[in-house]
Amino acid sequence: MNFIQENNYMVNDLAAKSHQEHYPGEIIRVDELDGHRFLFNCQNGVRLLLHVLSDKILRFRYLTDGPLSPDFSYAVPADAATRLAPALVEFREKPDHYRLTTARLICIIQKENLKVRVLDRSGTILSDDEKGFHWEYDYDTGNDIVKMSKQVPPGVHYYGLGDKPDNMNLRGKRFTNWGSDTYGYVKGSDPLYKNIPFYHVLHQKIAHGIFFDNTFKASFDFAAERADVTSFWAQGGELNYYFIYGPTLMEVTAEYTLLTCPPELPPLWTLGYHQCKWSYYPEANVKEITDGLRSRKIPCDALYLDIDYMEGYRCFTWSKSHFPEPKRMVQELAADGFKTIVIIDPGIKIDPEYSVYKEGVANDYFCRRADGPLMKGSVWPGLCNFPDFTAPRVREWWAGLFKELIQDIGVKGVWNDMNEPAVFEKGTFPPDVRFEYDGHWASHQKAHNIYGMQMARATNDGVKRFSYPNRPFTITRSTYSGGQRYSSGWTGDNIASWEHLWLANIQCQRLSISGFSFIGSDIGGFVDTPTGELYARWIALGAFHPFFRTHSSGDHGDQEPWSFGDTVTDLARHFIELRYRLLPYMYTAFWQYATKGTPMLRPLTFLDQNDTETYLRMAEFGLGDNLLVCPITQPGADGRWMYLPRGDWFYYWTDTPQAGGSEVWAAADLTRIPLFIKAGAVVPMQPVMQYVGETPVEQLTLHVYYKNGTAESVLYDDGGEGYAYLEGHKTVRRFTVTGSAEGLVLTQTIEGDYVPSYATYRVVLHGLAGAVEVTADGQAAEVTEEALETGLVLPGVVVPVGFGEIRVNVVPSGVGKEEVASTTPAA
C-alpha cells in the first residue's frame with residue numbers, strides 16, 4: 001500500500017477503491033416471503049427483493065447493505081399490491097439460475113451474479129441485463145450511486161420519459177430528471193420541469209415499460225454512450241424499478257397509469273378554452289378581456305390571474321389597489337360564465353406582519369437547513385421561506401389556507417408555479433435542506449424531484465375540500481410520477497416560434513403516454529410574440545390537447561385571440577368552437593383515461609406498433625379512439641404530407657374516404673388542421689356554447705362514419721360536475737356500426753341511470769352515396785339534409801336518445817367529392 005502526504009491529509013489507494021463500481025456476489029439463499037415476493041441473498045450481502053405484482057408487472061428492489069428499508073413511494077400508493085394480484089406464480093431452482101413464471105412472463109435470475117432476463121411465455125427475450133445492478137459509493141453525500149445497465153438488441157426503440165423536448169423516439173439520447181425552471185428552453189434542453197422516470201421499450205413489435213421509482217437526480221442513457229447498452233442510474237436511494245409488460249404500447253401506458261393511479265374526472269368546464277396572461281390587472285383590464293371574449297362570441301370558460309393579483313406577491317392575499325373587492329369581481333365573472341383561476345407559488349414572503357408567514361414560523365411548517373436555520377431563498381416576493389410539503393401536517397395546513405379563496409370568494413381553480421422548486425439566481429434549494437418526507441427524513445437531494453408534486457397534492461386537497469360538492473381544478477408546472485392524481489399541467493415557459501409549436505405537439509404526446517394526459521402548452525408561446533399565422537396554427541393544435549390555454553408574458557405584447565386582426569380572430573373562434581362541439585368526445589376520452597389508464601393523446605406508433613413505418617414518425621397523433629390529428633408546423637403551408645395508419649379513414653373537412661398504410665397529402669389552409677376520422681366511428685358533438693352550462697344541451701349530434709365491417713365507439717356522460725357518478729349516476733353508451741354494400745346498422749346499448757338534458761340524437765351519416773332509407777327500432781324515420789359547419793350537406797335523422805337499432809339502406813350513386821389526399825407524394 002502506498003501512502004502520500006498531500007495538502008495536510010493522507011491519500012492512499014483505499015480512497016481510489018471507494019470510487020470503484022461494485023457488483024452483487026453469488027446467490028447463496030432465496031427466502032420466499034410469501035407467494036408473490038422472493039428475497040435473493042448474495043454472498044457479499046447484496047439482496048434483491050423480487051415482487052410479482054401481477055402477471056405483467058415485476059418489481060425489482062436491490063439493496064447493498066443494512067436492513068430492508070421501509071417500503072415507501074410517493075408514486076405508487078400503498079394499496080397497489082392489494083389492487084393487483086397475479087393469477088399464477090411458479091418458482092423453480094435450476095442448476096445455474098432461478099426461474100419465476102407468471103401467466104404472461106418468465107423471469108430468470110442468474111445464481112452467479114444476480115443478472116436478470118425477462119421473456120414472454122413464447123420465449124422471446126424482452127429484457128436482458130448487461131452489467132445489471134451495480135453501484136458506486138459517493139463519499140460527498142454518503143449515498144450509493146445506484147446503476148442498472150441492460151443490453152440493446154438490434155432494432156429496439158424507446159419512448160416516454162415525460163416532458164423531454166426532443167424527438168419522440170429516444171434512442172441515441174441521454175436525459176436527466178432534476179426538475180428545473182428552464183425559461184425559454186429549446187429543443188434538446190434538459191432537464192425541464194417534470195420528473196417522470198418511466199419509459200417504453202419496443203422490440204420485435206413487442207412492448208414493455210421500465211419505471212425507475214427513485215426520487216434522487218436520475219439519468220437515462222438510451223444507447224447514447226454505447227450503442228449496445230442502455231442504462232439508468234440515480235445519485236442515491238434504491239435501485240428500485242418495475243418491469244411492465246404490454247405487449248402493446250397502449251397496454252404498457254395503461255398498466256403504469258393504473259399502478260400510479262389515474263386522476264379523478266375533472267369538471268367538464270376545465271376541458272373548455274382558458275385565457276391567461278402575465279398579468280391581467282387591475283380589475284378594469286380583467287373586465288376588458290372578458291368583455292372582449294363575450295362580445296366577439298369566442299367561447300371561454302376560465303380566466304387566470306397571475307402573480308400581480310396579490311399584495312406584494314404574498315400568496316393568499318389580494319392587491320387592494322388592483323382588486324379592491326375580489327369577491328364581487330369573481331361573482332360577476334361567474335355570472336358571465338367565467339371561472340376564475342389564481343396562481344399560488346411555494347415561496348412565502350418573510351414578513352412579520354403577514355399572517356401566512358407568521359403561522360408557518362409559529363408551527364414550524366417551513367423547510368430548514370441541516371444545522372437548523374429556516375431555508376431562505378429569493379423569488380417574486382423577495383426573501384422567502386418555503387413549506388415542507390412532504391410533512392402531512394404542513395399539507396393539512398396548506399390545504400386549509402384555500403378556504404377564503406375557494407369557499408368565500410368563489411375562485412374555481414388554483415395554478416401552482418415555481419414549484420420545481422425554483423429560487424432566483426440559485427436554481428433551487430441547497431442540498432442540505434431537510435424534509436420530513438412523510439416520516440422518512442430526507443435531504444433536498446431526495447426530495448427535490450417530488451416537491452412540486454407534493455405542493456400540487458396539498459393544493460388539490462384544499463381546492464377539493466372547499467369546492468365540494470363541485471369537483472376541484474388545479475394545474476402544476478412540476479411533478480413526479482403519480483402526480484396525475486392531483487393536477488393537470490402545462491409544458492412551461494416556451495417560446496413563440498415554429499419550433500416550439502412542433503415541440504408542443506411532441507411534449508404533450510410524450511407526457512400523455514407517460515401517464516400525464518391532462519396536459520397542454522402555452523398557446524402562442526410564453527416568451528416573445530407570435531405572428532398571426534403562428535398563433536392560428538397553434539390554437540388549431542391546442543384545440544386537440546386536453547388542457548387548452550393561451551398564456552403569454554405581458555413583456556411581449558398582447559396575445560388574446562383578437563390581437564392579430566380580424567382574420568385570425570375568426571380562425572381562433574372557428575377552432576375554439578370546434579373544441580366545444582367535441583367536448584362530449586373529449587370528456588369520454590378523459591373517462592377512459594381515468595378508468596382504464598389509456599392515454600388521451602396517442603403517438604402514431606401507439607396506433608399501430610406492427611407497422612414499422614410508424615416508429616420514427618412523431619407529428620401525427622390520435623386523440624381518443626377515433627380522431628387522428630397532424631398539426632402544420634411550418635409557415636406558409638397550405639397542407640402537409642402525413643402518414644395515415646392502416647385502416648380506412650375520412651378527411652374531416654370534406655368527408656373524402658382514404659385508405660391508410662401510406663403517406664397522404666392533407667390540404668389544410670389556415671381554416672383547417674389535418675384531421676381524419678376512423679371509419680366506423682361514432683363521434684358525438686354538442687352545440688356551440690360560450691361556456692359550459694350556458695344552456696342545457698337539447699340535442700346531441702352523432703356523426704356516424706361508414707365502414708365495410710364492424711367498429712365500436714363509446715360515449716360517457718355524468719353531467720360533468722359533482723360526485724354523483726361515484727354512486728352510479730352515470731351513463732355509458734356503446735355504439736356498434738356494422739356496414740355492408742347495402743348500408744349500415746347502428747346499435748346502441750346503455751349502461752347506467754344518468755338521464756341527460758337531451759332527449760334526442762341528430763344522427764348524421766357519413767360516407768354513404770345515394771338515396772337513404774332509415775328505420776329506427778323498426779319504425780320508418782324521416783331523412784333530412786343536414787348542413788354541417790364544414791359546409792357539407794349530408795343525410796341525417798332525429799331519433800330518441802334511447803334507441804336500440806338504426807338501419808340504413810342505401811341506393812348507390814356517384815361520389816364526386818373533392819380529392820384532398822393522394823397516395824403518391826409529390827416529387
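Contact here means heavy atoms within 4.5 Å. In this predicted model, helix α5 spans residues 326–335, and its buried residues are Pro326, Met329, Val330 and Leu333. Viewed down the axis of α5, these buried residues fall within an arc of 95°, so they line one face of the helix. An α-helix has 3.6 residues a turn, so residues three or four places apart point the same way.

Just after α5, glycine 337 adopts a positive phi of about 90°.

## Helix α7

Helix α7 covers residues 392–400, where Val394, Arg395, Trp397, Trp398 and Ala399 are buried. The elements covering these buried residues include β22, β23 (348–349), α6 (355–362) and α9 (444–467).

## Glutamine 690

Glutamine 690 is located in the loop that joins β42 (682–685) to β43 (699–705). Is this residue, glutamine 690, buried or exposed? Its relative accessibility is 9%, and buried means under 20%, so glutamine 690 counts as buried.

Apart from neighbours within four places in sequence, glutamine 690 is in contact with Arg294, Lys297, Ile298, Pro299 and Cys300.

## Residues 699–767

An unreviewed UniProt entry annotates residues 699–767 as "domain: DUF5110". In the model, this span is 0% helix and 61% strand, and its end C-alpha atoms lie 23 Å apart.

Definitions and conventions. Residues are numbered from 1 along each chain as its sequence is written. This is a predicted model: local features need pLDDT of at least 70, side-chain atom pairs count only at pLDDT 80 or more; totals for chains, interfaces and linings use all residues. Side-chain values use heavy atoms; hydrogens and water are left out. Helices (H or I, at least four residues) and strands (E, at least two) are DSSP runs, numbered from the N terminus. Buried means under 20% relative accessible area, exposed over 50%, partly exposed in between (1.4 Å probe, protein chains only). The arc is that of the directions from the helix axis to the C-beta atoms. UniProt positions are given in the numbering used here, feature names are shortened, and annotations may be inferred rather than shown by experiment.
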